Each structure stands twice: as C-alpha cells, then as structure tokens.
Amino acid sequence: FVAATHDATGEQVPTRDLSELAPPARPARRWTPKRVVITPDALDHPHAHRIVERVEARGIEVERLRANRLTGVRGATERETYALAKSTMAIVVSPPSRRKLQPIAPSADWRVDLAEGCPAHCQYCYLAGSLSGPPVTRVYADLDDILGGLEPYLGQGTITSRRADRAQEGTTFEASCYTDPLALEHLTGSWTRAVEFFGQWEAPVQLRWTTKYDDVAGFVGLPHAGRTRVRFSVNCLPVSQRMEGGTSTVPDRLAGLRRLALDGYPVGLTMAPLMPLDGWREHYGHLLDLVEAAVDGVPDLDLTAELITHRFTPGSKEVLLGWYPGTRLDMDESRRTTKRGKFGSTKYVYPEDVMTEMRTWFTDELARRLPELHVLYWT
Ligand code: SF4
C-alpha cells in the first residue's frame, strides 16, 4: 500500500511508503456492549427502533426497562460500577437541557449531542469529572428532533463570526463533546444520518467530530457535500499504546483519515493530550511521520489541527484514580501551574516555559512538514 501521484506521462509513481498505514487486515474496531437497555420514552422515537434493529442484528438482546431511570449499573465497589457501566449502552431520550445548545469555543460555535459516554478506557479521559454518575454510554433516540432543532442556531455563534480564517466553515456544530462517534456508529447509525442531514442543508454549515476509532467504511460515498469535518484524535505511541485502552491504533485511525480525505471530506487532527514525556520530540516526530504518509498524494486536501496539552482538575484526578488506580499518567500538581477555568474551577496545566517549548516545536514542525495544514488553536 503506497501513496501515489501521477508523473508527466500520467503513470502513477509511488511517493512515500505507507506500510504502517495499510488498511487493517482485521476489521475496524467495533464495540460490543454486554448489556443494552431501552427506556419506555425512547420507544416513542423512530430512531430508537432503527437502533434496536441494528443492535439485535448483531445478536445482542435489548432489555426493555419499565421506567425511564437506569438501574443495575452500580456494583459493590467503584471498580465494579465502572466495569458494569462501561459495558452498558442505554437507548434514551436526550435530557431537555441538552436541547438548548451551548457554545463550545474554541472548537465550534455550538455543541450538539447525539450521545453521552464512551466505551473506551483512556486513562486521562476528559469525561471524568465532567459527567456525573456511572459512565454508561447513552445514545439518543430523539435524533430526528435534535437535528430538526438546529436551524435557529444558523448564522449565530462566536467562532465562525469572529475568526476570518474560519468564516468559510459556516455555522459549526461539534458532535463529539461527550462521546466518540465512530465507537458507536455501527450500533446507532446516528452520525451517518447527521452527515446526510448536513449534506442537504443549503446554508453554510459544518458538522464536526473527533474520534479515536477507525470505523469509517459507512461514511465513504455518503452525500456529505464537504460539510462534515472528521478529526482523528492522535498521540505519540507511548501515550496511545499505554493509555488509550479499547481504541483503534493510531496507524488505523490515520488510515481512516486517509480514506475519508480521499472521499472529499475535510479532515483534521486532534493532537491531544500532548505530554512532554522523556524523548517527546522523537515520539511526536514519529507521529508526524505517520501523518505525513497518511495525507501524501491526497488531492485537494483540507486538513486542520487542534493542539491540546494535558490538563486535569482536582475532580477529574480523583475520578481517574478511582477508575485507573495503576495509571502511569503524571498528575503531580507540583509540576504544574494552575489556571482558572470556567466558573472559577482550577485546572492544572504545564508551566509556561514547557508550554512555550512545546508550542514552538509543534508550530515549526507542522509548518515545515505539512504546509497545507491549518492550525485552529493551541491550548
Ligand atoms: Fe474518553 Fe475520548 Fe477516550 Fe472515550 S475516546 S474514553 S471519550 S478520552
């Protein structure tokens, strides 16, 4: 599997060895929940029935709950609760609070949720401390109403209106704030429907999400009209191999990025969480080698990057240490500085000199290796 361009005679000539990015011999990574439940209210929505059909077609029984409250997801210990919840998928109606969209700078104008929760096991997971209760994956049955409710937000929002470099995106909607779309798509079909919905819209809009999975086959050939930007969350191998349990490998994610880019999707990299580990320049240099190979020879490439350094809060640290007591993730407050987050919360971030060193390196390396790439933000 080698990237190719055309020479003057029209012959294809290989340009870069993509052997690490070969389409996986194994199928894309797909989550199989141990337990799937559906609430009575969810059954009123046509999309719930589509989800049930998909789930049952995979031989998984869907348990009809008598009430809308989820039960049976708490174990005797924190670890047991985590294991039970992480292997459960609930088909529910989205909470009314989620239907009033919130701004989600710097990624997008608005956050739109099609699900909440994720089956992967990243030891730094940013959902820890953001979501309350056992980490069950809830997928929303009222998809049609959610998508139908987006129109009033058109032309509103702070990102695309204030940033000249992003104005051409139109109003942007981020659909992965509290979940990982490609981890769930085979069970829900929600994001392919969203891609088609955005593809039909006359107004300038963009649907966006980020993922650590590679299950892109269902998106290739959809009438996306270039209005969905799929970003792949990537990290250097020491982080992705040790700390991102249950996800697709980084080469597989990048092979997914290449497939979508070749199908005309705008694509992106969410490089997160960046960590100044021993030898970080070499490790991230190798990651950039893989990225370069993944986009090599893609015609009309539209590639962005979002660069996010690791941070944690007292609350997320406590939850993560409960979930992953043996973690090697560095959450030593004495090596960080504090930053005030929204609503006065405290975040622990890397000290300024470390941030500057990393930012300079990434900015220079990305510009040198991938001149067509547009960096959306660093944080
Ligand atoms: Fe959390 Fe994202 Fe990892 Fe899922 S893929 S466990 S949401 S960090």
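Modeller: A helix here means a DSSP run of H or I, at least four residues long, and helices are numbered from the N terminus. Keep that in mind for H9, where glycine 297, just after the helix, takes a positive phi of about 75°. And remember that this is a predicted model.

Biologist: Then let's start with confidence. What is the mean pLDDT of the protein?

Modeller: pLDDT is the predictor's confidence in each residue, from 0 to 100. Here the mean is 92, and 93% of the residues reach 70 or more. Residues 1-14 are a stretch to read with care: pLDDT stays under 50 there, and the model has 25 contacts beyond four places in sequence for them. As for the model scores, ipTM is 0.99 and pTM is 0.92.

Biologist: And the overall fold? How many helices and strands are there in the protein?

Modeller: You'll find 11 helices and 19 strands. The radius of gyration is 21 Å, close to the 21 Å that the globule rule gives for 379 residues, so the protein is as compact as a globular protein of that length. Its C-alpha trace spans about 65 × 50 × 45 Å along the principal axes. Buried residues make up 39% of the 379. Of the contacts with a separation of 6 or more, 75% come from residues 24 or more positions apart.

Biologist: Take a single helix, then. Is H8 mostly covered or mostly uncovered?

Modeller: Start with the general idea: an α-helix has 3.6 residues a turn, so residues three or four places apart point the same way. In H8 (residues 250-262), 11 of the 13 residues are buried, which makes it mostly covered.

Biologist: Which residues of H9 are buried?

Modeller: Tyr284, Val291, Ala293, Ala294 and Val295. H9 has 16 residues and reaches 23 Å, close to the 22 Å expected at 1.5 Å a residue.

Biologist: Last one: which residues are around the ligand?

Modeller: Cys118, Ala120, Cys122, Cys125, Tyr126, Leu127, Asp180, Lys212 and Thr247. By class, that shell has six nonpolar, one polar and two charged residues.

Note on methods: Residues numbered from 1 in each chain as written. Predicted model: local features only at pLDDT ≥ 70, side-chain atom pairs only at ≥ 80, totals over all residues. Helix = DSSP H or I, 4+ residues; strand = E, 2+ residues; numbered from the N terminus. Rg over C-alpha atoms; globule rule 2.2 N^0.38 Å. Buried ≥ 20, exposed ≤ 12 C-beta atoms within 10 Å, placed from the backbone. Contact = placed C-beta atoms within 7 Å. Near = placed C-beta within 6 Å. Nonpolar A, V, L, I, M, F, W, Y, C, P; charged D, E, K, R; others polar. Expected span 1.5 Å × (residues − 1).
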